[in-house]
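Welcome! Here is a friendly walk through a structure that may be new to you.

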Amino acid sequence: MKVENDIQEILKQWQAASSLPFATPYGLPEYYFLNFEQALLERVEISDLEDTIYLMEKHHPIMAFHAPSGYFDTLENRIQQKINSEKPGKLKKLTWYKFAAAAAFAGIIAFGTARYFHQQHNNQPAAVTVTPVDIQKVNSRELAEFAEESAEGINNVATAKKTLDVNQLLDEVSNQDLQNFLNESSAGDNDMF
Amino acid sequence: MERPEIPDEELLLLFRDPDTKQKAFSLIIDKYKERLYWHIRRMVVVHEDADDVLQNVFIKMWKGLDHFREESKLYTWLYRIASNESITHLEKLKKTKRIEVKNDDDGFLMETVKADEYFDASKIEWKLQLAIQSLPDQQKLVFSLRYYDEMPYNDMSEMLGVSSGALKASYHHAVKKIHAYLKNELNF
């Protein structure tokens, strides 16, 4: 205690002798001490999270779910069977739908064009680019191919890139949380985890 | 005996050759069936649903791989199909459930987890599954890809069409929610 008092006394004397200011010259971020506790708690929370992940990985890497025994051994055969059985069945089914779709499509176009042609005829007898006669030139096969292409387009949807909605990605995340996260990640590593 | 793992580039070449297409298909199934199954299973929970979705993924691959333009890696392409199919499956399921049980489309997956024949409420791996199922689907997807499949954010970004920053934020908040859930359950 005496030593400490002595040191403080010496420091005071130095300060008085040299007129040195007590304040340190180093700058401090604004509101550093005001926000210190909050920032510290956030760090503790992140550290806790990392501990949680570590514990989960170290002690419980096993999956809770089970697959039935032998499931993976038979999977390929079942997929192959499905593909093989799909071909003729689907073709038959598609053919029926194709022609139904083609007929409906032709009907709608013919009706629409005839109506348009009729209206044009009544109002202004201008040239019409598509007539029922043109529609008749489109044979069933072409219409069926059109229907098949549309069906293939629908099938390909799952293989296309499906962009996630960022709003859903950050569902239930408050603006404050997001701001904290951005502050943390910009101040720290590029890859937090 | 296990087959040696062939690089994806080689598998694609084999698939494009009509003489080896069938063999390549088998090899791709063999290489990816388990990891895709577990990815799907963690999303949809029920084995029968996961099986159905997984088969659809490989059937879509069979039909679509000829048109695969290699703008992405084969594995991210397959994960993309698996993720899209899983999310679509869950959306369909939720629509059905919404009709059956009004206002209960969020908790039904947790209930499905509890209905699993191996479910043990005292084990942390099951608590973790319950915590995961409490997340919105897309956060669950990001968490699963990162935590279980250890997919790099860049690959995830390419696969899902979302920036790495948004994915990191999503993962971070998913972990926070899981932590809060587990903390409450385990009192740590």
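Q: What makes a residue "buried" here?
A: A residue is buried if 20 or more other C-beta atoms lie within 10 Å of its own, and exposed if 12 or fewer do. Please keep in mind that this is a predicted model. In helix 9 of chain B, the buried residues are L167(B), K168(B), A169(B), S170(B), Y171(B), H172(B), H173(B), A174(B), V175(B), I178(B) and H179(B).

Q: Which residues of helix 3 of chain B are buried?
A: They are A50(B), V53(B), L54(B), V57(B), F58(B), K60(B), M61(B) and W62(B).

Q: Why is V45(B) called buried?
A: V45(B) has 23 C-beta neighbours inside 10 Å. The cut-off for buried is 20 or more, so V45(B) counts as buried. You will find V45(B) in the loop between helix 2 and helix 3 of chain B.

Q: What is the phi of V45(B)?
A: V45(B) has a positive phi of about 75°, although it is not a glycine. For background, most residues other than glycine have a negative phi.

Q: Where else does chain B have a positive phi in a residue other than glycine?
A: One such residue is E150(B), with phi near 50°. E150(B) lies in the loop between helix 7 and helix 8 of chain B.

Q: Why is E150(B) called exposed?
A: E150(B) has 7 other C-beta atoms within 10 Å. Exposed calls for 12 or fewer, so E150(B) is exposed.

Q: Is P7(B) buried or exposed, and how do you know?
A: P7(B) has 10 other C-beta atoms within 10 Å. With the limit for exposed at 12 or fewer, P7(B) is therefore exposed. P7(B) is in the segment before helix 1 of chain B.

Q: What makes E158(B) partly exposed?
A: E158(B) has 18 C-beta neighbours inside 10 Å. Partly exposed covers counts in between the 12 or fewer of exposed and the 20 or more of buried, so E158(B) counts as partly exposed. E158(B) lies in helix 8 of chain B.

Q: Which residues does E158(B) touch, leaving out residues up to four places away in sequence?
A: E158(B) touches S72(B) and T76(B). E158(B) and S72(B) are 86 residues apart in sequence, yet 7.3 Å apart in space, C-alpha to C-alpha.

Q: Which members of the largest nonpolar core touch the most other members?
A: Of its 53 residues, these are I40(B), V57(B) and L78(B). Helix 2 of chain B gives the most to this core, with ten residues. The core also draws at least three residues from each of domain 1 (1-98) and domain 2 (100-188) of chain B. Leaving out residues up to four places away in sequence, L78(B) touches Y32(B), L36(B), V57(B) and M61(B).

Q: How do helix 2 and helix 7 of chain B cross?
A: Their axes come within 10 Å and cross at roughly 145°. The crossing is right-handed. The contact is made by H39(B), R42(B) and M43(B) of helix 2 and K140(B), L141(B) and S144(B) of helix 7.

Q: How many helices and strands are there in each chain?
A: Chain A has seven helices and zero strands, while chain B has nine helices and zero strands. Buried residues make up 9% of the 193 residues in chain A and 40% of the 188 residues in chain B.

Key:
Residues numbered from 1 in each chain as written. Chains lettered and ligands numbered in written order. Predicted model: local features only at pLDDT ≥ 70, side-chain atom pairs only at ≥ 80, totals over all residues. Helix = DSSP H or I, 4+ residues; strand = E, 2+ residues; numbered from the N terminus. Core = buried A, V, L, I, M, F, W, Y, C linked by C-beta atoms within 7 Å. Domains from an automatic or database assignment. Contact = placed C-beta atoms within 7 Å. Axes fitted to C-alpha atoms, helices over the stretch in contact; angles between N-to-C directions. Left-handed = near helix turned anticlockwise from the far one by under 90°.
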